[in-house]
Number of protein chains: 2
Amino acid sequence: MLESLFLNLGQHDSLSDDEQSLLGNLMAGERSFAAGQDIVASGSRPAYSTLILDGLAARYKVLADGGRQFTSLQVPGDFVDLYAFLLKTMDHGVIALSPCRVILADHSKLRSITERAPHLTRLLWLDTLIDGAIHREWIVAMGRRSKVSHLAHLFCELFVRLQVVKHTNGMSFHLPVSQAELADVLGLSVVHMNRVISALRNSGVIAWANHTVTILDWQKLQQIAEFDPTYLSMTREPR
Amino acid sequence: MLESLFLNLGQHDSLSDDEQSLLGNLMAGERSFAAGQDIVASGSRPAYSTLILDGLAARYKVLADGGRQFTSLQVPGDFVDLYAFLLKTMDHGVIALSPCRVILADHSKLRSITERAPHLTRLLWLDTLIDGAIHREWIVAMGRRSKVSHLAHLFCELFVRLQVVKHTNGMSFHLPVSQAELADVLGLSVVHMNRVISALRNSGVIAWANHTVTILDWQKLQQIAEFDPTYLSMTREPR
DNA sequence: GCGCCGAGTTATCAAATGTTAGCGCACTGT
DNA sequence: ACAGTGCGCTAACATTTGATAACTCGGCGC
């Protein structure tokens, strides 16, 4: 059941049997959320962190004028709020974009991992660091890429991340979001989001229908996005 | 000499004498960089992480068309690349925006801290988590705030962060950046950056001259920015 | 079968933002 | 004193992006 977690953490360095059982022991209490439901509420002080087993979720903040901005997309094998273990208070919410199955990690058990399992601790720390690296890439995309390039970059990132946890199907992956939700990822109006999507479609590098994205020209998509996966740290080495 | 590091880490939870001496032992090898010099090069695999003792630095990426985007600003007491300890390869550069005095932390010594000092490890982890929280706030600002609000938010954030390490002077702080550099923070053209700065100045909440920002109306600046410092985790509690 | 409703799409116009160019001022080196 | 240079600032115009509205289409409940 924790296969996607093992695939995710294990891509960076090998996980010993002991570590896998520590993780198995850590994760307990499966839950389900419907699309649109809050998985973690802004302002709360959760006593556990949440791992996605299945579904798509996102972190978000809402401003006074009602504007919403997603700050990350979370796929199976991702902790959506591992940082809450040390940050304590959630300064933003996490929402299920599609029906989500999740499993919980008690903060007290996480703490005992930091006391007793340094290597596993470093791998969990690394997981949050990659989170940060993705944030930085999003900042660059929002600030200095064209909107088409930004969207292309997002598709590259999602494809690669989903591939790691075996949630791609050939050159396709499931993306259960509306154009309005995607607009809250890129920081655009819905109308302009539609224009950008049309442009990327017309360039012939992707198709997107029935909530499924198909990459028609991976080479060219990467070029448009100037995609360099270094920031995802997808190499196995001692950590 | 490590006072700003102690102020920075110590604001979140108390640092024992043992932990302070561990940190003292960790940090060695002072260096200086001139404004405009790279402190860490993109693509490198540093064997140590860098702490700022004095000066202002920034992480950045450069795109193919020459566009540059800063992804963070780093003040005294900040590790500019603590994550490189686990991420291994730098996917971006770090530049000195003003003359910088820094001190280094060997990655091998950092690793031994994770093996032997769990509480200090958690505080260092926390430091990188706050980094991530700041990134998320920047994403929200870039995506959904007006440009004036974005700039106001940046000033709020810098003021509060500099206050923690005692680098403010009343309601003023030193900000040794040109408008062109600031444009690379907000993701704007230089011309538009100038318009935004003028607008914020004309609203009477800040003054900015001789590389010194003075907050004239802290209340109103926070309102314009919708600033909520929760994300900076500035409360002292067990971590 | 019928109508409602959400999502995608397009058109039109307005506002925000970028580009290019130029001016003035303070600072610097000669 | 002088020219050169970096930086802040402004103008004029082009392009991108947003706001509003309307139309289509398919799913879904009645």
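Two residues are in contact if their C-beta atoms, placed from the backbone, lie within 7 Å. By that criterion, 42 residues of chain A are in contact with 42 residues of chain B. This is a predicted model, in which local features need pLDDT of at least 70 and side-chain atom pairs count only at pLDDT 80 or more, while totals for chains, interfaces and linings use all residues. Residues are numbered from 1 along each chain as its sequence is written, and chains are lettered from A and ligands numbered from 1 in the order in which they are written.

**Chain A against chain B**

- Strands S4 (57-62) and S5 (68-74) and helices H3 (84-87), H4 (107-116) and H5 (118-144) of chain A each supply at least two residues of the side that touches chain B; helices (H or I, at least four residues) and strands (E, at least two) are DSSP runs, numbered from the N terminus.
- H5(A) gives the most to this side, with 18 residues.
- The side of chain A that touches chain B divides into 15 nonpolar, 14 polar and 13 charged residues. Ala, Val, Leu, Ile, Met, Phe, Trp, Tyr, Cys and Pro count as nonpolar, Asp, Glu, Lys and Arg as charged, and the others, Gly among them, as polar.

**The H5 pair**

- The axes of H5(A) and helix H5 (residues 118-144) of chain B come within 9 Å and cross at roughly 20 degrees; axes are lines fitted to C-alpha atoms, for helices over the stretch in contact, and angles run from 0 to 180 degrees between N-to-C directions.
- H5(A) is therefore roughly parallel to H5(B), a term for angles under 35 degrees.
- Residues making the contact include A:Trp125, A:His135 and A:Met142 of H5(A) and B:Trp125, B:His135 and B:Met142 of H5(B).
- By class, the contact of H5(A) with H5(B) has 10 nonpolar, 10 polar and 4 charged residues.

**DNA strand C**

- Of the 13 residues around DNA strand C, A:Ser178, A:Gln179, B:Ser189, B:Val191 and B:His192 come nearest; a residue is near a strand if its C-beta atom, placed from the backbone, lies within 6 Å of it.
- H8(A) provides the largest share of the surface near DNA strand C, 5 residues.
- That surface has 6 nonpolar, 6 polar and 1 charged residues.

**DNA strand D**

- The residues surrounding DNA strand D include A:Lys147, A:His192, B:Gln179 and B:Asn194.
- H8 of chain A, along with helix H7 (179-186) and H8 of chain B, each supply at least two residues of the surface near DNA strand D.
- H8(B) gives the most to this surface, with 4 residues.

Terms used. Parallel < 35°, antiparallel > 145°, perpendicular 65-115°, else oblique.
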